[in-house]
Amino acid sequence: MQSVLIVGGGGREHAIIAVLAKSPRVRQLHAAPGNGGIAELAQCRNVAATDVAGVVALAKSLEVDWVFVAPDDPLVLGMVDALEAEGFKTFGPRKNAAILEGSKAFSKAFMARNNIPSADYAEFTDCDKAVAYIQARNSYPAVIKYDGLALGKGVIIAQDEAEAIAAIRAMLVENKFGDAGIIIEEFLQGQEVTVLAFTDGKTVVPMPPSTDHKRAFDGDTGPNTGGMGVVAGGAALPYWSGQIADECMKRIFEPTVKAMAEEGRAFKGCLYFGLMLTEQGVKVIEYNCRFGDPEAQAILPLLETDLFAIMEAIEQERLAELDIRFSNKASACVVMASGGYPEKYTTGYEISGLKKTEGVFHAGTKLDDSGKPVTSGGRVLAVTAVAEDLPTALARAYEGVECISFKDAHYRRDIGRAALCQECCDNRV
């Protein structure tokens with residue numbers, strides 16, 4: 001029986017802990033720092049997810065067997081390296097592999113030199129040169145990406161020159177996200193799909209495909225967020241097929257893992273492939289070095305294999321020996337956020353109705369002095385439902401949302417609409 005420390009305190013971590021809690025191999029769960037919902041399944045410890053030395057010290061004091069590093073920031077900072085140096089078994093890539101997400105410039109250059117299909121791009125650290133490039137290019141929409149981590153918000157899809165220049169200045173002059181450079185990319189047209197994959201540095205096992213909804217408001221309008229909802233599973237995405245899955249495996253998934261290993265950056269953990277299904281084939285939008293959030297809240301409920309067994313197989317580099325299974329059902333996840341997210345918002349509001357529905361993963365919550373759950377972040381809850389088909393899964397997820405309330409709660413009411421419309425069109429053909 002194993003003791004596991006999960007680093008992080010969002011909805012993704014709650015979903016991971018909920019799955020690990022079902023494993024017959026796991027006897028005790030700890031979370032750093034955890035949240036109000038995680039506290040029901042694990043012992044929460046007041047150590048920040050980005051505190052590398054603090055997490056190592058905590059793992060030692062608790063004498064845990066495993067540490068699951070879930071968020072991007074500590075992975076990019078090298079938390080796995082520090083834990084392994086102290087003898088801990090870990091889930092998550094080392095720092096030199098996590099750079100796939102930590103630097104957009106690295107990932108774009110990596111794809112270019114390894115012939116992995118992606119959008120054309122140019123890299124800049126000088127504002128004037130970037131503005132001159134965007135003016136000379138004069139093609140919109142244009143994609144401006146901050147080179148480093150930005151909580152999923154460092155991507156601006158500029159519709160015109162004024163918006164593009166404003167984004168460039170915000171990133172390179174005002175340092176809105178930090179002092180890194182930017183990438184200016186061609187805008188890819190098509191259907192966006194995410195595929196998470198388990199990998200031990202040699203073998204790749206894709207999870208069911210999903211589609212995230214990044215924009216804050218209905219109709220894919222408003223600013224980018226960390227994600228407002230997800231539909232997942234083969235039964236949920238009519239635009240996904242076995243042929244596309246094979247194309248991705250041959251041209252993207254396996255070449256990525258192989259090339260990383262050949263470059264001395266073997267990737268072990270969960271590798272996130274952000275994809276665009278274009279008329280010219282599938283292209284990579286971005287890599288992430290961990291489970292997506294809220295993708296994890298939609299996909300992990302479909303997992304039928306013991307997650308702890310998968311962790312062991314990856315750590316021992318014998319993933320090829322394991323038969324990993326997922327349900328063929330559809331999953332739908334709707335995020336409930338604080339009013340004003342992703343910009344300014346107020347927290348501390350009491351949350352009611354949580355006991356009236358199932359499939360609720362806590363993200364920005366905490367327990368107040370009286371033990372009541374209150375809001376403590378931008379994305380507050382992720383409500384997930386699994387069903388035989390997408391319409392039923394969505395209906396159940398929204399029924400769950402309607403059971404819950406807190407002041408100024410905001411959520412999109414069109415999660416999954418594109419998939420439903422595509423399915424309707426296919427049925428009419």
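Which residues in α5 meet Lys104, Phe106, Ser107 and Phe110 in α6?

## Packing of α5 and α6

Ile99, Leu100, Glu101 and Gly102 of α5 meet those residues of α6, contact meaning heavy atoms within 4.5 Å. This is a predicted model, in which local features need pLDDT of at least 70 and side-chain atom pairs count only at pLDDT 80 or more, while totals for chains, interfaces and linings use all residues. Residues are numbered from 1 along each chain as its sequence is written, and side-chain values use heavy atoms, with hydrogens and water left out.

Helix α5 (residues 95-102) and helix α6 (residues 104-113) pack with their axes 6 Å apart, at an angle of about 95 degrees. Helix α5 is therefore roughly perpendicular to α6 (65 to 115 degrees; under 35 counts as roughly parallel, over 145 as roughly antiparallel and the rest as oblique). Axes are lines fitted to C-alpha atoms, for helices over the stretch in contact, and angles run from 0 to 180 degrees between N-to-C directions. The contact of α5 with α6 has four nonpolar, two polar and two charged residues. In this classification Ala, Val, Leu, Ile, Met, Phe, Trp, Tyr, Cys and Pro are nonpolar, Asp, Glu, Lys and Arg are charged, and the others, Gly among them, are polar. Helices (H or I, at least four residues) and strands (E, at least two) are DSSP runs numbered from the N terminus.

## The enclosed helix α1

Ten of the ten residues of α1 are buried, so this helix is largely enclosed by the rest of the structure. Buried means under 20% relative accessible area, exposed over 50% and partly exposed in between (1.4 Å probe, protein chains only). The elements covering α1 include β1 (2-8), β2 (26-33), β4 (66-69), α10 (295-299), α11 and β19.

The axes of α1 and α11 (residues 307-315) come within 8 Å and cross at roughly 100 degrees, which means that α1 is roughly perpendicular to α11. Ile16, Val19 and Leu20 of α1 make this contact with Leu307, Phe308 and Met311 of α11. Its residues divide into six nonpolar, no polar and no charged.

## Pocket and cavity

The second largest pocket holds about 820 Å³ of space. Of its 36 lining residues, Ala18, Glu358, Gly359, Val360 and Phe361 are the closest to its centre. At least two lining residues come from each of α1 (11-20), β19 (360-362), β22 (379-387) and α12 (390-403). The lining comprises 18 nonpolar, ten polar and eight charged residues.

On a 1 Å grid over the protein atoms alone, a cavity is a set of points where a 1.4 Å probe fits but cannot get out, and a pocket is an open set with protein on both sides within 12 Å along at least five of seven lines; lining residues have an atom within 4 Å of a point. Grid points are joined across faces, edges and corners, and a volume is the space filled by probe spheres set on the points. The count comes to one cavity of 30 Å³ or more. The largest cavity holds about 40 Å³, and its lining divides into nine nonpolar residues, one polar and one charged. Among the lining residues are Phe68, Leu75, Cys270 and Arg290.

Arginine 290 is found in the loop between β17 (281-288) and α10, and counts as buried at 13% relative accessibility. Leaving aside neighbours within four places in sequence, its contacts include Arg12, Asp72, Glu101 and Tyr272.

Aspartate 51 lies in the loop between β3 (43-44) and α2 (52-62). Aspartate 51 is partly exposed, with a relative accessible area of 34%.
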